[in-house]
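I set out to record what I looked up in this structure.

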Amino acid sequence: MPDRFATMFTCIDGRIQQPLNEWVRKHLDVEYLDTITEPGPEAVLAGTGERCLEVLLEKVQVSQRAHGSATLVIAAHSDCAGNPVSVDEHRDQLRQSLARVAGRLPNTRILAVHADRCGEQCWDPELVAEVPPAATGVRPAA
Ligand SMILES: [Zn+2]
């Protein structure tokens with residue numbers, strides 16, 4: 001049985017790596033999570049120029065080609081130094097990120113996740129929206 005990989009585009013923040021890793025492995029039934037980091041990734045994906053976006057998507061495609069990952073998780077979190085906006089704005093930017101990236105990664109399921117604080121050293125990742133493989137529309141999480 002081949003190794004099962006997913007890919008995550010997430011923040012540099014060291015506090016959220018483990019909670020997000022656990023959430024993804026539990027919800028996607030994968031063993032490994034290839035991880036690309038930028039400060040405030042949802043703001044970057046939602047707002048950066050085409051050239052920067054292509055560089056970032058190329059990093060995702062390395063994971064897809066090398067490890068057969070067919071799932072991309074875009075993750076945001078509260079108390080983000082790289083993108084200090086409200087939780088509602090994080091969610092809006094996650095949806096914008098999904099809409100922007102969806103048509104550019106064929107055969108890829110894309111999930112947007114936001115990790116909110118649930119206490120000292122506690123983070124609670126939650127699905128915000130998801131795009132099934134090959135689809136272009138964004139549907140909100142149930
Ligand atoms: Zn952050």
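**Entry 1: ground rules.** I noted that this is a predicted model, in which local features need pLDDT of at least 70, side-chain atom pairs count only at pLDDT 80 or more, and totals for chains, interfaces and linings use all residues. Residues are numbered from 1 along each chain as its sequence is written.

**Entry 2: overall fold.** I looked up the secondary structure and found four helices and six strands. Helices (H or I, at least four residues) and strands (E, at least two) are DSSP runs, numbered from the N terminus. From that end, the order of elements is β-α-β-α-α-β-α-β-β-β. I then checked the dimensions: along the principal axes, the C-alpha atoms fill a box of roughly 40 × 35 × 30 Å. The radius of gyration is 14 Å, which agrees with the value near 14 Å for a compact globule of 142 residues. That radius is taken over C-alpha atoms, and the globule rule is 2.2 Å times the number of residues to the power 0.38.

Entry 3: A residue is buried if 20 or more other C-beta atoms lie within 10 Å of its own, exposed if 12 or fewer, and partly exposed in between, with C-beta atoms placed from the backbone. For contacts (C-beta atoms, placed from the backbone, within 7 Å), I looked at residues at least 6 apart in sequence: 72% of these contacts join residues at least 24 apart.

**Entry 4: the core.** Which residues have the most contacts inside the largest nonpolar core? I found Val73, Ile74, Ala75, Leu98 and Val113, in a core of 34 residues. E1, H1 (17-28), H2 (41-47), E3, H4 (87-102), E4 (109-119) and E5 (122-131) each supply at least two residues of this core. Such a core is a set of buried Ala, Val, Leu, Ile, Met, Phe, Trp, Tyr and Cys residues joined through C-beta atoms within 7 Å.

**Entry 5: helix H1.** I saw that H1 has 12 residues and reaches 16 Å from its first C-alpha to its last, close to the 16 Å expected at 1.5 Å a residue. The expected span is 1.5 Å times one less than the number of residues. Leu20, Trp23 and Val24 are buried in H1. They cover an arc of only 95° around the axis, so they lie on the same side of H1; the arc is that of the directions from the helix axis to the C-beta atoms. Gln18 and Lys26, on the other side of H1, are exposed. The buried residues of H1 pack against E1, E2, E3, E4 and E5. Just after H1, Asp29 has a positive phi of about 55°.

**Entry 6: helix H3.** Which residues of H3 are buried? I found Val60, Ser63 and Gln64. Their arc is only 100° around the axis, which puts them on the same side of H3. The other side of H3 carries exposed residues, including Arg51, Glu54 and Arg65. The buried residues of H3 pack against E1 (5-10), E2 (32-37) and E3 (71-77). Gly68 follows H3, with a positive phi near 70°.

**Entry 7: helix H4.** I listed the buried residues of H4 as His90, Gln93, Leu94, Ser97, Leu98, Val101 and Ala102. They cover an arc of only 160° around the axis and therefore share the same side of H4. H2, E3, E4 and E5 are the elements against which the buried residues of H4 pack.

Methods:
Contact = placed C-beta atoms within 7 Å.
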